[in-house]
Amino acid sequence: MTEPNGRDDELGEAAANSKAPECPICGKPRQQDYRPFCSKRCADVDLGRWLNGRYAIPVEPDADEDGDDPASGEKRDRPNDGGAT
């Protein structure tokens with residue numbers, strides 16, 4: 001395809017040759033109002049999956065928050081904040 005300025009419309013050709021983005025829940029074409037889904041129903045299905053714990057973001061366990069090293073059983077020295085113990 002050639003534009004009026006004489007350049008090839010590469011983006012237009014790529015878009016014409018590529019498949020439209022699909023809803024990740026049902027595979028139907030996406031709708032702008034519910035992007036990246038096709039409908040409110042699919043958006044709600046996805047939200048329900050997150051809320052029920054079906055989806056999870058993997059994390060690496062951090063060191064124990066209280067300063068203990070669980071691997072060695074040693075406690076790190078922490079400065080005294082002046083509070084009662």
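I started at I57, which I found in the loop between α2 (40-51) and β1 (68-69); helices (H or I, at least four residues) and strands (E, at least two) are DSSP runs, numbered from the N terminus. The model is a predicted one, in which local features need pLDDT of at least 70 and side-chain atom pairs count only at pLDDT 80 or more, while totals for chains, interfaces and linings use all residues. Residues are numbered from 1 along each chain as its sequence is written, and side-chain values use heavy atoms, with hydrogens and water left out.

I looked up the elements next and noted two helices and two strands, in the order α-α-β-β from the N terminus on.

I then searched the whole structure for aromatic pairs and found one. The rings of W50 and Y55 have centres 5.0 Å apart and planes at 65 degrees, so I recorded the pair as edge-to-face; rings of Phe, Tyr and Trp (its six-membered ring) pair if their centres lie within 6.5 Å, and planes under 30 degrees apart count as stacked, over 60 as edge-to-face and the rest as tilted. W50 is partly exposed at 43%, and Y55 is partly exposed at 28%.

Last, I checked contacts (heavy atoms within 4.5 Å): of those in the protein with a separation of 6 or more, 4% are between residues 24 or more positions apart.

Definitions and conventions:
Buried < 20%, exposed > 50% of the residue type's maximum accessible area, 1.4 Å probe, protein only.
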